[in-house]
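Colleague: Could you walk me through how the pieces of this chain pack together?

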Amino acid sequence: MARAPESLELNTNEVADKALDRDCTTLSRHVLQQLQSFSPQAQDLSALMNRIALAGKLIARRLSRAGLMEGVLGFTGEVNVQGESVKKMDVYANDVFISVFKQSGLVCRLASEEMEKPYYIPENCPIGRYTLLYDPIDGSSNTDTNLSLGSIFSIRQQEGSDLNGEAADLLASGRQQIAAGYILYGPSTMLVYTIGRGVHSFTLDPSLGEFILTEENIRIPDHGSVYSVNEGNFWQWDEPIREYVRYVHRTEGYTARYSGAMVSDIHRILLQGGVFLYPGTLPKPEGKLRLLYESAPLAFVIEQAGGRATTGHMDILEVVAKKLHQRTPLIIGSPKDVAKVESFIQNGH
Ligand code: AFP
């Protein structure tokens, strides 16, 4: 058999090497590459991301079999601190994040939508200098209909010793986050994260049980055609938001997408551009979304990708939380589309 010319052989080898290298770019390795360091802090961040990835795999596994197992779907019959009915998957996912950080020596406190107060893991506290804030299941109304869901996470360095267990240091702005991201449970499971050095996505390869690098340094388009908002709330919005939506209705080039899980909607916008809105309403001026474990982590991701996130009056990442479960209006996405909504809020057009 005739041999391929040497240069062609070399190219084939290079392609194979690149493919192998990509297959080996797991999340924990990527964090170390990003930080270009094996320092203790780099190792910590890498280990933190690895544990979050494990939580994502456990939740994805349960979701993928939910329709086949007893006791996975439906409500528990309880109501959480937000006054919302709790789903069995919410409880499971909340416990998964706690469980993966036990015996980690990394995370002393976890705070989530499902728990009124932060959860302390006492064995980690003498050395665990990090706090995890998270929404274990974003879009839980999608659970029982086999639609996309998400988990949102944010990591902060613990400030002070928190001896009184009040976790007062968490009442700080989103600029204090050292890492943030989300896991999207869709046709495939994806993990998107930032440590302040761009935004990177990983896809779970079920045959390996590993998240493998999909795209590095994702940039959000300056503008996109999608606007994503629950228009059923039109009647209870302030006039500027109604005016913006009327503007979209009469302007060519817009298309509506709204899934009920903002991780899905914002992921689409990250890749294709556009704007997601959850504004305040007349009875609830702060809206629905929680600042510390929903809006701020997503704002960190979108800003790192070149987008913007605002309440309509100030950048989400500048808002200093007054309480753990604080809510905030959210307008997030492509810079030009966010600016358009802002202009309606601030100037009326
Ligand atoms: P749940 O996680 O409580 O289902 O809320 C999901 C969410 O926070 C966000 O993911 C959705 O975009 C938004 O709420 C949907 O809320 P509406 O049903 O009020 O539009």
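**Helix packing and sheets**

Modeller: Helix H5 passes helix H8 in a right-handed crossing (the near helix is turned clockwise from the far one by less than a right angle). Helices here are DSSP H or I runs of at least four residues and strands are E runs of at least two, numbered from the N terminus. This is a predicted model in which local features need pLDDT of at least 70 and side-chain atom pairs 80 or more, while totals for chains, interfaces and linings use all residues. Residues are numbered from 1 along each chain as its sequence is written, and side-chain values use heavy atoms, leaving out hydrogens and water.

Colleague: At what angle do the axes of H5 and H8 cross?

Modeller: Fitted to C-alpha atoms over the stretch in contact, with angles from 0 to 180 degrees between N-to-C directions, the axes of H5 (residues 239-249) and H8 (residues 335-347) cross at roughly 135° and come within 8 Å.

Colleague: Switching topic, in what order do the strands of the open sheet run?

Modeller: The five strands of this sheet are ordered S12-S11-S13-S15-S14, with mixed pairing (at least two DSSP bridges make a pair). Strands S12 (255-256) and S14 (308-310) are the edges, each pairing on one side only. Strand S14 joins strand S15 (residues 330-333) in the antiparallel sense over three bridges, and alanine 309 has isoleucine 332 of S15 as its bridge partner.

Colleague: Which strands does helix H7 touch?

Modeller: Helix H7 (residues 291-304) packs on the sheet against S14 and S15, its direction making about 25° with that of S15. Helix H6 (residues 262-272), for its part, lies across S11 (226-228), S13 (274-278) and S15, and runs at about 155° to S13.

Colleague: What about the hairpin of S1 and S2, which residue takes a positive phi there?

Modeller: Glycine 83 does, with phi near 80°, in a hairpin that has five residues between the strands. Strand S1 (residues 75-79) and strand S2 (residues 85-87) pair in the antiparallel sense over two bridges, and phenylalanine 75 stands opposite lysine 87 in S2.

Terms used: Contact = heavy atoms within 4.5 Å.
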